[in-house]
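Please keep the display open while reading the points.

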Amino acid sequence: METPDQVRIAALVDGRLLVVEQYHYLVGPLWQLPGGAVDPDDEDPQAAARRELAEETGYRGGAWTSQGTLFPLPGATPARVHLWRAEHLNSGAAALEPSEADLRVHHVSLADAVRETLDGRVRCAPSAALILAVAASHGQR
């Protein structure tokens, strides 16, 4: 299956994690971390992550750290999901695409994000992995 690489961002704002809620026609309503596709022609993963975070939440700038990559469907595609952590961000206006008109941004404590992940509300696998990794680095489980 041909599909572009993706990005997911664990954006921490005032000690809270930005989680987006959106309806996806294949799976229904979903909580996940901000993110989207990397332009396969000429975009690097960090540029894609910065662009997606700004578009979906309005947050920009800050300090960015790579949290690695995942292969979400290694038997079906070589596409990767690049994971990022962003902190010390500046707020601004979101620039949602028409297909994101229903997107809502939640500011969730890291402990609540972990609980929502373990309870199955966060069903996006790369988002769940990144939430748990960030929580572990903060000494939370």
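The points below concern a pair of helices and the nonpolar cores.

1. The model is predicted, and the remarks that follow should be read accordingly.

2. Two helices deserve attention at the outset. Helix H2 covers residues 110-118 and helix H3 covers residues 125-137; they pack with 10 Å between their axes, at an angle of about 140°. H2 is therefore oblique to H3. The handedness of the H2 and H3 crossing is left-handed.

3. Which residues form this contact? On the H2 side they are Leu110, Ala113, Val114, Thr117 and Leu118, which meet Ala128, Ile131, Leu132, Val134 and Ala135 of H3. Sorted by class, the contact of H2 with H3 comprises 9 nonpolar residues, 1 polar residue and no charged ones.

4. The largest nonpolar core has 18 residues, and those touching the most other members are Ala10, Leu17, Val19, Leu33, Leu130, Ile131 and Val134. At least two residues of this core come from each of strand S1 (6-13), strand S2 (16-24), strand S6 (81-87), H2 and H3. The greatest share is that of H3, which gives 5 residues.

5. Leaving aside residues up to four places away in sequence, Ile131 touches Leu17, Leu33, Leu110, Ala113, Val114, Thr117 and Val122.

6. Another core, of 14 residues, lies apart from the largest one; Ile9, Ala11, Ala49 and Leu89 are among its members.

Notes: Residues numbered from 1 in each chain as written. Predicted model: local features only at pLDDT ≥ 70, side-chain atom pairs only at ≥ 80, totals over all residues. Heavy atoms only, no water. Axes fitted to C-alpha atoms, helices over the stretch in contact; angles between N-to-C directions. Helix = DSSP H or I, 4+ residues; strand = E, 2+ residues; numbered from the N terminus. Parallel < 35°, antiparallel > 145°, perpendicular 65-115°, else oblique. Left-handed = near helix turned anticlockwise from the far one by under 90°. Contact = heavy atoms within 4.5 Å. Nonpolar A, V, L, I, M, F, W, Y, C, P; charged D, E, K, R; others polar. Core = buried A, V, L, I, M, F, W, Y, C linked by side-chain atoms within 4.5 Å. Buried < 20%, exposed > 50% of the residue type's maximum accessible area, 1.4 Å probe, protein only.
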